[in-house]
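Student: I would like a close look at a single part of this protein, followed by how other parts are held. Please keep it plain.

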Amino acid sequence: MKEVYQYIDDHREEYIEWLRDLCKQPSVAAQNRGMETTATMVEDYLQKKTGAVSEQLETSGFPVVFGELDTGAEKTLSFYNHYDVQPEDPIELWESDPFSADIRDGKMYARGVADNKGNLMARICAVHAYTNVYGKPPVNVKFIFEGEEEIGSVHLEEFADRYPDKLASDGCIWEFGYKNPNGQLQVSLGVKGMLYVELEATGANTDLHSANAAVIENPAWQLIWALNTLKNEQEEILIDGFYDRVHAPTPIEKKILEDMNYEENATLSALDLDGFLLGLSGMSLKEKLLFQPTCTICGIESGYTGEGSKTVLPSKAKVKLDFRLVGDQDPNEILDLLKNHLNQNGFSDINVTKLSGCHPAKTDPSDPLVSTIVNNVERVYGEKPVVLRNTPGTGPMYDICQKQGIPAVSLGVGNENSRNHAPNENIAIEDYIDGIKMMATIVHEFANDPEE
């Protein structure tokens with residue numbers, strides 16, 4: 001691989017410019033801004049830089065950009081990424097234009113550079129470098145780049161059902177990955193699932209003067225009282241049946257947790273916090289982070305929240321909640337349990353709308369893909385990785401991979417302060433270059449049986 005690594009070093013400026021060009025192009029799925037242009041741009045990269053046969057596969061939403069490099073090999077490796085990004089708001093908190101891809105102090109700053117264009121481009125560059133050195137990869141390669149991840153991958157299941165042949169592979173490199181606060185690369189073997197819902201309470205058909213609060217119901221209070229039934233102060237979720245499909249860690253998973261280096265002090269310092277929820281630390285903290293479900297208020301809205309005072313009785317109140325799911329929890333089953341809970345507690349008048357849902361997903365730690373990656377990280381990064389049984393975050397991994405019997409592993413070019421979804425999103429340039437080398441290494445090594 002020395003020749004490939006040298007090729008990557010020799011072409012680093014070219015690879016950086018490819019990423020800058022992609023990051024300068026807005027692709028905000030939530031606003032349908034720049035999506036068509038970006039999809040075409042990504043398709044061109046696949047065709048011209050990797051030699052893959054590429055196409056845009058239609059869904060009911062934005063297309064999936066698909067590329068395939070058939071080398072006649074016995075094994076196939078796939079890459080899942082997404083070309084859409086979050087809105088850049090609040091713009092005033094950015095230190096440079098969010099779509100300028102500004103480079104300063106060894107980092108590139110842009111909306112989507114960490115989530116997910118840096119990883120997307122690193123994989124294209126890896127295949128480009130490998131092909132230019134060795135002629136072709138030793139495995140068949142598939143690229144699956146969706147355009148709706150940031151809005152919940154609402155049509156990815158439809159894509160998976162419509163194009164099962166496009167998904168077929170022996171292993172998938174999932175979209176994201178970061179270094180921990182100690183600078184160690186994290187390798188994750190799964191994701192939590194999620195149910196994302198909106199609850200809405202309504203009252204009068206118009207906002208009223210707050211003097212009417214003496215005799216007119218306030219939907220904001222109704223919503224608050226409903227929320228108060230969902231979880232107690234010990235962070236226990238009170239919905240009947242909610243934990244039925246949650247499983248304790250297996251002995252192998254406990255060993256992974258024990259070996260996992262979670263930088264508690266560095267994490268707290270970076271967030272200006274004195275401690276974690278419930279005072280947790282050590283194994284109990286790591287187990288709660290990765291193996292326990294959550295119920296989180298993501299945003300709440302009602303009445304007047306502007307400057308100064310306005311004495312108003314709001315006509316409606318709404319809240320967005322996400323439930324992070326683990327084990328065998330099914331988002332559709334959790335939705336039914338939530339509705340039943342509200343009905344049984346006197347809140348049948350609160351409307352529940354499902355916005356998105358994903359199943360939890362895990363890959364067997366003994367899978368050859370896992371061994372291929374874990375055994376070779378040190379070649380690129382100089383030290384062994386931190387292996388996570390799964391991340392506390394969520395993605396549509398189940399629909400693309402585990403549902404199809406395909407193992408998936410996540411690793412990438414982000415850092416502990418990449419600021420995904422926030423102003424000044426960034427990656428380190430050296431992490432990007434190392435990420436290209438790591439992806440090329442996986443392409444090379446996955447063709448062979450991993451070392452025992």
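Which elements each supply at least two residues of the nonpolar patch?

Tutor: This is a predicted model, in which local features need pLDDT of at least 70 and side-chain atom pairs count only at pLDDT 80 or more, while totals for chains, interfaces and linings use all residues. Residues are numbered from 1 along each chain as its sequence is written, and side-chain values use heavy atoms, with hydrogens and water left out.

Helix α7 (219-227) and strand β11 (296-302) each supply at least two residues of the patch; helices (H or I, at least four residues) and strands (E, at least two) are DSSP runs, numbered from the N terminus. The patch on the surface is made of W221, I224, W225, I297 and I300, with about 550 Å² of accessible area together (Shrake-Rupley method, 1.4 Å probe, only the protein chains shown counting as cover for residues). Patch residues have over 30% relative accessible area and no salt bridge, and nonpolar side chains (Val, Leu, Ile, Met, Phe, Trp, Tyr) are joined within 5 Å, like charges within 9 Å. The most comes from α7, with 3 residues. W221 has its place in α7 and is partly exposed, at a relative accessible area of 48% (buried is under 20%, exposed over 50%, partly exposed in between).

Helix α3 (residues 35-50) shows a buried side. Its buried residues are M35, T38, A39, V42, E43, Y45, L46 and T50. They lie on the same side of α3 because they cover an arc of only 150 degrees around the axis, taken from the directions from the helix axis to the C-beta atoms. The opposite face, turned away from the buried side, carries the exposed residues E36 and K48. The buried residues pack against α2 (12-24), β1 (53-57), β2 (64-69), α4 (113-134) and β6 (140-146), contact being heavy atoms within 4.5 Å. Just after α3, G51 takes a positive phi of about 80 degrees.

The side chains of E430 and R12 meet at 2.8 Å, N to O. E430 lies in helix α15 (residues 429-445) and R12 in α2, so the pair ties together parts that are 418 residues apart in sequence. E430 is partly exposed, at 43% relative accessibility, and R12 is partly exposed too, at 21%. R12, E13 and E430 are linked in a network of salt bridges.

Definitions and conventions
Buried means under 20% relative accessible area, exposed over 50%, partly exposed in between (1.4 Å probe, protein chains only). A salt bridge is a side-chain nitrogen of Lys or Arg within 4 Å of a carboxyl oxygen of Asp or Glu.
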